[in-house]
Amino acid sequence: MNLLRILFFPLFGIMRKKETSDTATPPPANPNRVHIFYGGFGSELEATDYCLKPMGRNKPEQLTHDLPDAMIDTSEVEIIFGAARINDVVPMLSPRPDSLLGEIGANNTIIMIADAAFGGLPYTLNDTLRLTYAGAFDVS
C-alpha cells in the first residue's frame with residue numbers, strides 16, 4: 001500500500017484539501033482604537049529610546065521585547081511625556097478623563113499604540129516592568 005502512495009502522491013497529493021491553521025483569528029480592525037500604557041521615565045529621550053530604539057543589531061525595541069505576544073510596528077507608537085501634555089491628551093481618550101488621570105497618577109509618560117501597529121495579527125497586551133496597561137480606548 002505504501003508503494004502505491006509513493007507512486008500516486010505526485011498525482012493525487014496536490015488534489016487533497018489542505019488543512020487550515022488553528023491560530024487565533026485577528027481582532028477586527030478599528031482605526032480609531034488606541035492602546036494606552038503609562039509609566040515613569042527620567043526624560044522624554046529615555047521614553048523614546050524604550051519605545052523606538054532597537055536593543056542592538058537585529059534585535060527588537062525594548063517595548064516590543066517586553067510585549068512578546070504582540071508584533072508592533074513602532075511607526076504607530078506615540079509618546080506623550082510630561083504632566084501638561086498628559087492633561088491635554090486624556091480628555092480625547094476617555095469619556096471619564098478624571099478616572100484615567102487618577103489611574104495615571106504621578107506617572108509622567110503615556111505610550112499610545114494604534115491598532116494599526118499590530119498589522120491585523122492576533123495580539124495580547126499586558127503590563128510590563130516599565131509600563132502599566134490602561135486598556136483600549138476609541139478616539140474620535
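Predicted model: local features only at pLDDT ≥ 70, side-chain atom pairs only at ≥ 80, totals over all residues.
1. Residues are numbered from 1 along each chain as its sequence is written, and side-chain values use heavy atoms, with hydrogens and water left out.

2. What does glutamate 44 meet in a salt bridge? Its partner is the side chain of arginine 85, at 3.1 Å from N to O. Here a salt bridge is a side-chain nitrogen of Lys or Arg within 4 Å of a carboxyl oxygen of Asp or Glu. This pair links distant parts of the chain, 41 residues apart: arginine 85 is in helix α4 (residues 83–93) and glutamate 44 in helix α2 (residues 44–52). Helices (H or I, at least four residues) and strands (E, at least two) are DSSP runs, numbered from the N terminus. Arginine 85 is partly exposed, at 44% relative accessibility.

3. In total, the structure holds three salt bridges. Another one joins the side chains of glutamate 46 and arginine 130, at 2.8 Å from N to O. Glutamate 46 lies in helix α2 and arginine 130 in the loop between β3 and β4, so this pair ties together parts that are 84 residues apart in sequence. Glutamate 46 is partly exposed at 32% relative accessibility, and arginine 130 is partly exposed at 33%.

4. Next, look at arginine 33 and aspartate 115, whose side chains form a salt bridge of 3.1 Å, N to O. Arginine 33 sits in strand β1 (residues 33–39) and aspartate 115 in the loop between β3 (109–114) and β4 (132–138), so the bridge ties together parts 82 residues apart in sequence. Are these two residues buried or exposed? Arginine 33 is buried, with a relative accessible area of 18%, and aspartate 115 is buried as well, at 9%.

5. Finally, a backbone detail to find in the viewer. Most residues other than glycine have a negative phi. Asparagine 58, although not a glycine, has a positive phi of about 60°. Asparagine 58 lies in the loop between α2 and α3 (62–66), and this residue is exposed, with a relative accessible area of 76%.

Terms used:
Buried < 20%, exposed > 50% of the residue type's maximum accessible area, 1.4 Å probe, protein only.
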